[in-house]
Every structure is written in structure tokens, then in C-alpha cells.
Amino acid sequence: MGNRAVITTPARRLGVYLHWNGGRDSVEAFLKYCDLRGFRSPDSDEYGWARLCQVIANYMGAGGLSVGISPYTTDEQENPGDNGIYVIRGWEIVERIYPWEGFEEQDDYPLDGMLRDIDSAQPKDQQLGDFLDAKEVPTSQLKRGDRVFFLGVDGRYEAHEIEGFGPAGMVVNGRDVEGVPYARRYDSPGLPAHENINNYVLAATARRLPR
């Protein structure tokens with residue numbers, strides 16, 4: 001009895017077994033959460049497997065049979081029934097091996113709610129918190145006073161208010177930042193905020209909190 005599934009990659013070297021929460025709605029939420037945390041994916045290196053298992057195990061608790069990881073053999077042998085096998089590349093599902101013909105994907109849990117439940121199960125100092133309330137918008141739409149998230153050196157997201165935009169002809173660290181929004185993320189004595197490249201929103205999109 002359970003709601004089982006196995007997660008693997010196209011290389012099919014390892015598989016993560018879920019005894020519970022193996023429906024697509026849960027699995028997609030686990031993958032999205034890892035993506036939002038900025039983790040490297042399982043198909044890139046072993047750290048991706050570790051982070052995926054960490055997030056899922058924190059959510060499921062310490063039950064000894066809830067999460068497992070083992071060498072992958074064949075699709076036929078690894079298929080656990082229930083929800084079958086998810087093949088992922090990056091943090092996306094790219095292939096499904098279904099448990100039987102005519103299987104219908106589970107779609108009971110809204111993604112936003114699952115992400116919040118997963119986040120609340122993580123250690124307090126690793127939670128995304130308000131980041132989950134932020135909407136991804138084009139950087140070109142940002143205005144003064146908007147609060148947007150920057151990824152810190154410790155791997156955590158911090159919200160900072162947009163203070164202004166790069167002045168005309170402004171080049172910082174060899175990069176043209178004219179019109180690019182910046183925040184007072186770092187405030188060094190004698191160095192205006194618009195002269196520090198780390199204060200600029202350099203990506204095409206940003207996560208903006210509602211006003």
C-alpha cells in the first residue's frame with residue numbers, strides 16, 4: 001500500500017523511490033522547489049541527487065521506508081506500480097513510464113500549496129518564505145520602490161527595493177547598465193549604489209513581491 005513512484009534520469013544509473021507522494025502533482029512540486037532553490041540537478045552530478053532526497057525526506061519525515069535511493073536496473077524491474085517512473089532532465093519531467101495502459105496522472109494538489117507545504121518542512125534557515133509570494137516578471141517592467149529578490153552568497157534569497165536605474169552611458173565592470181534597475185543591496189562607503197555591479201538586476205526576469 002502506498003502512492004509509489006521512482007525518479008531517475010535519462011542515464012538511468014540511480015533511482016529515487018517514493019513510497020508516498022508519488023503523484024505527478026507532488027513530484028512536479030518537489031522538482032520545482034529544487035529549481036527555485038537553485039540546486040544542481042541529478043543529471044549534472046551527485047549533489048543533485050543529494051539535494052532532491054534532502055528536500056523530499058524533510059517533507060516526508062523520518063519514516064524509514066518513505067524515501068529510498070538505489071542503482072537503477074531496467075524500467076521493467078524498477079517500475080513500482082502506482083505512479084510508475086519519472087525520467088527527469090534538469091528539474092523537468094521529460095519521460096514517463098506508466099504502470100499500466102490507460103493510467104491517468106494524479107492532479108489533486110495545487111502547485112502553490114504544495115510548494116508552501118514543502119518549504120515549511122525545510123529547516124528554518126533554508127526556507128524560501130516570502131520568495132514564494134513573488135511573481136516572476138520581465139526586468140524591464142520593474143519600477144522604483146518594487147521589492148525584488150537577489151540570490152545571496154549563502155544560497156538564500158533576500159528582498160531589496162529598487163532605488164533607481166543605471167545613468168545614461170553608465171558602464172560598470174565592463175557592462176553597459178544604462179537603464180538597468182538597481183537596489184542598495186551593498187552600501188560601501190564612498191561607492192554609490194549605482195557603481196556596484198552586484199546591485200543591478202542583470203537577469204532578463206526578476207521575482208517581484210506584490211506591493
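In this predicted model, strand β1, spanning residues 5–8, pairs with strand β2, spanning residues 14–18, in the antiparallel sense through three bridges. Within this pairing, Val6 has Tyr17 of β2 as its bridge partner. In general, the strands of a sheet are joined through backbone hydrogen bonds, in either a parallel or an antiparallel manner.

The two strands belong to an open sheet of five strands, arranged in the order β3-β2-β1-β4-β5, with mixed pairing. Strands β3 (67–71) and β5 (92–97) each have a single partner strand and stand at the edges, so one side of each has no neighbour in the sheet. From one strand to the next, the twist averages 25°.

| Helix | Residues | Strands involved | Angle |
|---|---|---|---|
| α1 | residues 24–36 | packs on the sheet, touching β1, β2, β4 (85–89) and β5 | about 145° with the direction of β5 |
| α2 | residues 46–60 | lies across β1, β2 and β3 | about 5° to β2 |

Arg89 is placed in strand β4. Is Arg89 buried, exposed or partly exposed? Its relative accessibility is 48%; because partly exposed covers the range between under 20% (buried) and over 50% (exposed), Arg89 counts as partly exposed. Leaving aside residues up to four places away in sequence, Arg89 touches Pro10, Asp43 and Val94. Asp108 lies 19 residues from Arg89 along the chain, and the C-alpha atoms of Arg89 and Asp108 are separated by 24 Å.

Technical notes. Residues are numbered from 1 along each chain as its sequence is written. This is a predicted model: local features need pLDDT of at least 70, side-chain atom pairs count only at pLDDT 80 or more; totals for chains, interfaces and linings use all residues. Side-chain values use heavy atoms; hydrogens and water are left out. Two strands pair if DSSP finds at least two bridges between them. Helices (H or I, at least four residues) and strands (E, at least two) are DSSP runs, numbered from the N terminus. Axes are lines fitted to C-alpha atoms, for helices over the stretch in contact, and angles run from 0 to 180 degrees between N-to-C directions. Contact means heavy atoms within 4.5 Å. Buried means under 20% relative accessible area, exposed over 50%, partly exposed in between (1.4 Å probe, protein chains only).
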